[in-house]
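Please read it with the model open beside the text.

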Amino acid sequence: EATETSEDTEIPTIVLNDWSWADAGWTDCLTEVFDTFREQYGDQVNLEVVGNSYADTLSTLLVQAAAGNGPDVAMIKAEWLPQFLELDCIADISGVISQEAKDDYGETSLSSYTKDGELLALPFFSQPYALFYNKTLLAEAGVEVPTTFDELLAASEKVAALGTDESGNKIYGLGLVNSGLEVAEGYNIFPWLWARGGDFIDTDGNIVLDSAENLQAFQEIQNLYLTEQSPVGLSYKEMRNLFASGNLGFFWDLQSQTASFVQSSAKGDAFLDEIGAIPIPGATAGDGVGYVNDVVLVVFNTCENLDAAGILAEYLGGETTIQIMYDYGKGKMSSRQSVMEDVFANVDDEITEAYVESMKTNRSLPAMNLAFADADEEITNAVTELATGDDAATVLSDLTAKVKELYGQ
């Protein structure tokens with residue numbers, strides 16, 4: 001466990017758990033974030049920061065919350081929130097977040113984290129997904145950057161038709177992760193469902209997987225694997241390495257992964273000149289079907305000073321923090337309108353521009369249900385069945401039944 005502490009104890013102490021604080025790659029960035037907070041609010045809040053590794057954070061926090069000895073504030077993934085709500089350990093922070101901040105987030109951003117009028121989490125930063133593409137492979141295949149999902153699939157087919165590179169390594173079109181081993185692999189198919197007019201759940205909370213639109217998506221996903229446009233069985237890291245090697249035409253991922261591309265590519269920084277990014281295209285030009293992974297801040301109900309916790313939460317989700325993260329190239333964005341307008345007003349980097357544009361159309365995952373994590377696992381299994389040639393209609397029907405059972409429908 002990594003710990004960083006301010007010495008002043010005369011004012012309310014707020015303990016923040018941030019898994020990135022245990023990551024050496026974040027030390028410089030977060031040191032500036034926390035030091036700046038102390039400069040601005042040190043007379044109101046004594047900040048203490050602790051961090052577990054990302055892999056250990058959820059389990060550690062759940063154990064601490066159940067025992068009533070957790071931190072005051074914690075950074076968590078949005079899809080983890082239902083597990084904490086089950087423990088009834090989260091405080092309502094609606095009264096300690098300013099109206100100005102609430103208005104800036106907008107009703108849509110906060111509604112996902114509001115239950116029975118109580119605000120149970122505040123968006124910290126957003127991680128939008130966009131579509132990376134290899135400019136060299138597109139040029140060799142004679143295809144333009146796609147503007148619709150149909151164009152994307154056609155381009156994928158042509159890139160895969162290139163066959164192999166100079167070393168005899170296979171070239172793929174559109175890569176879709178399906179190792180069956182990692183959390184969140186199931187989320188990858190949501191853009192495909194949305195592009196075809198389908199969905200996972202409707203506004204009334206009903207599971208709507210078994211539809212003609214989703215069947216089309218499942219058949220196309222299966223075709224992607226069976227025609228070897230996408231490799232089968234690759235994890236996120238393996239797919240990123242494949243893209244970095246120049247053997248994959250398209251791949252949707254987080255902006256922060258450009259660093260891993262550079263690290264894995266034999267070309268190093270020069271590889272960045274060969275890649276571009278666009279919002280994941282939808283059914284029509286200008287329509288985007290990406291999704292956003294939200295990282296949110298929660299305050300535990302064992303916190304003795306909600307006002308101080310609110311000050312910290314509002315600061316972390318505000319312009320100063322996002323600006324610092326932007327300056328350090330962390331690829332994090334905000335659900336606050338003013339922050340996006342101010343921090344990203346004059347961006348001249350092609351890839352960053354694509355992610356800023358994606359924020360305008362990307363959707364949040366329907367993660368505010370305890371069953372969603374299990375549903376993700378079932379979707380992941382279904383994609384594996386598609387990749388191995390099982391009948392798409394049967395796979396979709398079976399998946400629908402399993403997910404409905406998980407949701408009590």
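1. For the count of charges, Lys and Arg are taken as positive and Asp and Glu as negative, while His and the chain ends are not counted; the place of a charge is NZ of Lys, CZ of Arg, CG of Asp or CD of Glu. On that basis the chain carries 18 positive and 69 negative side chains, and the centres of the two sets are 6 Å apart.

2. The model is predicted, so local features need pLDDT of at least 70 and side-chain atom pairs count only at pLDDT 80 or more, whereas totals for chains, interfaces and linings use all residues. Residues are numbered from 1 along each chain as its sequence is written, and side-chain values use heavy atoms, with hydrogens and water left out.

3. As to overall form, the chain has 16 helices and 12 strands, where helices (H or I, at least four residues) and strands (E, at least two) are DSSP runs numbered from the N terminus. The C-alpha trace spans about 70 × 50 × 35 Å along its principal axes. The radius of gyration, taken over C-alpha atoms, is compared with a globule rule of 2.2 Å times the number of residues to the power 0.38; for 409 residues a compact globule would come near 22 Å, and the chain's 22 Å agrees with this.

4. Of the contacts (heavy atoms within 4.5 Å) with a separation of 6 or more, 75% join residues 24 or more positions apart. Buried residues, 55% of the 409, are those under 20% relative accessible area, with exposed meaning over 50% and partly exposed in between (1.4 Å probe, protein chains only).

5. What does a search for disulfides, pairs of cysteine sulfur atoms within 2.5 Å, find in the whole structure? The search finds zero. For cysteine 303, the closest cysteine sulfur is that of cysteine 89, 13 Å away and therefore too far for a bond. Cysteine 303 counts as buried because its relative accessibility is 10%, and cysteine 29, at 1%, also counts as buried.

Notes. A disulfide is a pair of cysteine sulfur atoms within 2.5 Å.
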